[in-house]
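User: I would like to go through some of the terms used for this protein and see what stands behind each one. Please set the values against the cut-offs as we go.

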Amino acid sequence: MINERLNRLKTAMLKHNIDVYYFNTSDYHMSEYVADYFKTLAYFSGFTGSMATLLVTLKDTYIFVDGRYHVQADRQCLPHGLKVVKLGTKNGMEPMAFLKKYFAAKTIGLDGRRTNVKFAKELLKNNLKIKNVDIYSALIEERTPLGKDPIYELSTRYTGISRKTKLEMVKHVLQGKTHIINNLESIAYILNLRGNDIAYTPVFYSYLVFHGNNVYLFMDSYRIDKSLMERILDDGVIVRPYDSYYKFLYNIAGSTIIIDENKVNYESFVHINRNGNLIYDKRSPIEDMKAIKNEIEQKNMRLAHIYDGVAMLRFWMWLEKIDKRTISEYDAASKLDTLRRIYKAKDISFASIVAHDANAAMMHYFPEKGRSTRLKNRGILLFDSGGQYPQGTTDVTRTVALGNVSPEVKKYFTLVLKSMFNLSEVRFLKGLNGNQLDILARKDLWEIGVDYRCGTGHGVGFNLAVHESPPNIRYGHTDNGSELAEIKPGMVFSDEPGVYFEGKFGIRCENLLLCVNDASNEYGQFLRFEHLTMVPFDLELIDKDYLDEKTIAALNRYHSKVYKTLLPYLDDEEAQFLKEKTRLI
């Protein structure tokens with residue numbers, strides 16, 4: 001089936017004189033997670049991961065994936081004859097370098113609505129021709145339509161700042177310049193609105209433009225009820241149809257325009273790159289506002305993580321009571337999702353990862369109904385999951401023993417846990433970024449010749465995307481440079497080192513951290529991290545021979561805090577279970 005689809009695509013490429021057709025996993029808004037309507041890369045490749053690049057040539061088809069998806073891409077794409085390019089390895093050439101080397105002066109076909117400005121400009125800079133045309137939509141059968149659910153408002157008891165105040169803050173920064181926003185999380189944040197257009201991420205398809213002293217929201221008004229519409233209009237927002245966005249851009253003339261070339265699509269650039277407009281590439285001020293959680297958001301997020309901790313604890317209790325052989329990874333994931341939803345969560349924040357032993361070596365392995373592995377009363381289970389609460393977004397990973405485990409597993413679990421605390425316990429001077437801090441989480445693994453092919457941590461939104469930038473904790477560089485953004489008080493991000501041995505096992509420990517102020521002295525302002533996640537680590541997997549006294553003390557402090565924080569929310573049986581899991585070592 002995949003080969004038939006690719007053959008039809010190649011026929012269309014010949015018709016349009018295209019040498020290579022480019023797909024990514026994004027939508028019109030450069031989103032990481034997208035509605036089913038936009039899962040076209042999966043349609044033509046079979047790959048279901050959240051991030052990849054597909055290059056279809058008239059002869060071969062190449063899929064480029066990072067370290068999270070090396071194993072998954074092999075399993076899903078090699079059977080269809082695709083060539084898997086593994087980024088981060090010796091021969092893992094980046095898509096741009098690949099095109100520059102093998103297709104110089106050739107024509108690259110792409111959908112400008114789904115390609116960011118930066119990538120398109122880079123193609124042109126490298127002597128590649130662009131044909132901005134959608135040749136794939138007509139080939140897709142039974143495409144799922146975009147969502148039409150009502151849009152709802154998040155009150156200031158959660159957001160802390162009103163919509164009108166946020167808009168005035170942005171206008172103050174812009175000083176009359178035009179600012180175009182495609183990013184859905186930024187639009188939802190600045191307007192204190194949420195939707196259900198993308199699974200697990202409470203956003204809605206729309207565009208936002210600051211122009212002159214006006215704010216224009218492009219979305220279909222029938223999705224907003226009368227009362228909410230009146231409040232939006234009273235706050236100075238002009239609502240126009242979603243499909244009128246490009247026509248509006250085309251008519252902008254003589255303006256100084258601010259766009260983020262990583263987060264604005266190329267089609268937008270084509271429409272504004274005329275009429276005497278001056279266009280500047282700059283990160284949106286909304287990004288920094290969104291990343292720094294205010295005091296109300298911080299207070300709410302602490303509460304969300306308490307709720308999350310209770311749900312996780314109940315899952316762990318359930319897991320220990322049952323005969324593991326009677327359930328699959330999919331069953332366990334479904335149970336975890338249910339426990340969150342019946343307690344306090346409005347939704348989950350991403351598809352839950354539950355992986356047994358060797359499956360956990362795939363960083364983003366998702367169990368499928370009818371195809372996932374049955375558990376055993378031995379080995380380890382990794383579960384990476386999160387919830388969407390009115391009070392905030394959560395993301396936590398735990399690796400637990402299902403029974404007997406080898407000394408090797410205990411060794412690596414302990415080193416991963418130590419790596420997580422190496423980062424979470426640091427005090428550092430204001431001004432540092434994620435690129436500089438990343439080594440703290442890796443140094444103990446590097447000393448034994450082991451690494452993990454992904455970043456150590458990502459920013460997390462407030463009742464928004466579970467992956468948010470800035471900040472970004474990694475030693476490598478990203479297209480948007482978010483790892484170079486200063487770590488500031490109020491930022492929330494994950495701390496999730498791990499080890500992944502294909503065919504054997506994978507281990508990850510993940511907490512969310514909040515950056516807060518520490519002491520200030522003659523050397524400057526010091527910062528530190530506060531643990532938001534309130535879930536115990538499995539003490540049965542620890543080998544104290546690989547721990548130092550500092551880490552033992554940090555683990556005991558953390559477990560003491562977890563016990564005291566969760567105790568008021570538990571019944572007697574749950575309290576006893578928690579007491580055992582948080583005992584001193």
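User: How many nonpolar, polar and charged residues does the lining of the largest cavity have by class?

Analyst: The model is a predicted one. By class, the lining has three nonpolar, five polar and three charged residues. Its residues include His-179, Ile-180, Ile-181, Asp-260 and Lys-263. Ile counts as nonpolar, whereas Asp and Lys count as charged.

User: Which strand gives the most to the lining of the largest cavity?

Analyst: Strand β8, residues 178-181, gives the most, with three residues.

User: What lines the second largest cavity?

Analyst: Among the lining residues are Tyr-21, Tyr-22, Phe-23 and Asn-24. Strand β1 (residues 20-24) gives the most to this lining, with four residues. The second largest cavity holds about 60 Å³ of space. Its lining has four nonpolar, three polar and two charged residues by class.

User: Why is Glu-496 called buried?

Analyst: Glu-496 has a relative accessible area of 11%. Buried means under 20%, so Glu-496 is buried. Glu-496 is in the loop between β24 (492-495) and β25 (498-501).

User: How do you know that the side chain of Glu-496 makes a polar contact with the side chain of His-458?

Analyst: The distance given for this pair is 3.1 Å. A polar contact needs N or O atoms within 3.5 Å, one able to donate a hydrogen and the other to accept it, so the pair counts as one. The side chain of Glu-496 also makes a polar contact with the side chain of Ser-494, at 2.8 Å. Not counting residues up to four places away in sequence, Glu-496 touches several residues, including Asp-384, Thr-456 and Arg-508.

User: Is Ser-482 buried or exposed, and what is the reason for the term?

Analyst: Ser-482 has a relative accessible area of 3%. The cut-off for buried is under 20%, therefore Ser-482 is buried. Ser-482 has its place in the loop between β23 (468-473) and β24.

User: Which side chain makes a polar contact with the side chain of Ser-482?

Analyst: The side chain of Asn-472 does, at 3.1 Å. Asn-472 is also one of the residues in contact with Ser-482 once neighbours within four places in sequence are left aside. Ser-469, Pro-470 and Pro-471 are among them too.

Definitions and conventions:
Residues numbered from 1 in each chain as written. Predicted model: local features only at pLDDT ≥ 70, side-chain atom pairs only at ≥ 80, totals over all residues. Heavy atoms only, no water. 1 Å grid on protein atoms, 1.4 Å probe; cavity = no way out; pocket = protein on both sides within 12 Å on 5 of 7 lines; lining within 4 Å. Helix = DSSP H or I, 4+ residues; strand = E, 2+ residues; numbered from the N terminus. Points joined across faces, edges and corners; volume = space filled by probe spheres on them. Buried < 20%, exposed > 50% of the residue type's maximum accessible area, 1.4 Å probe, protein only. Contact = heavy atoms within 4.5 Å.
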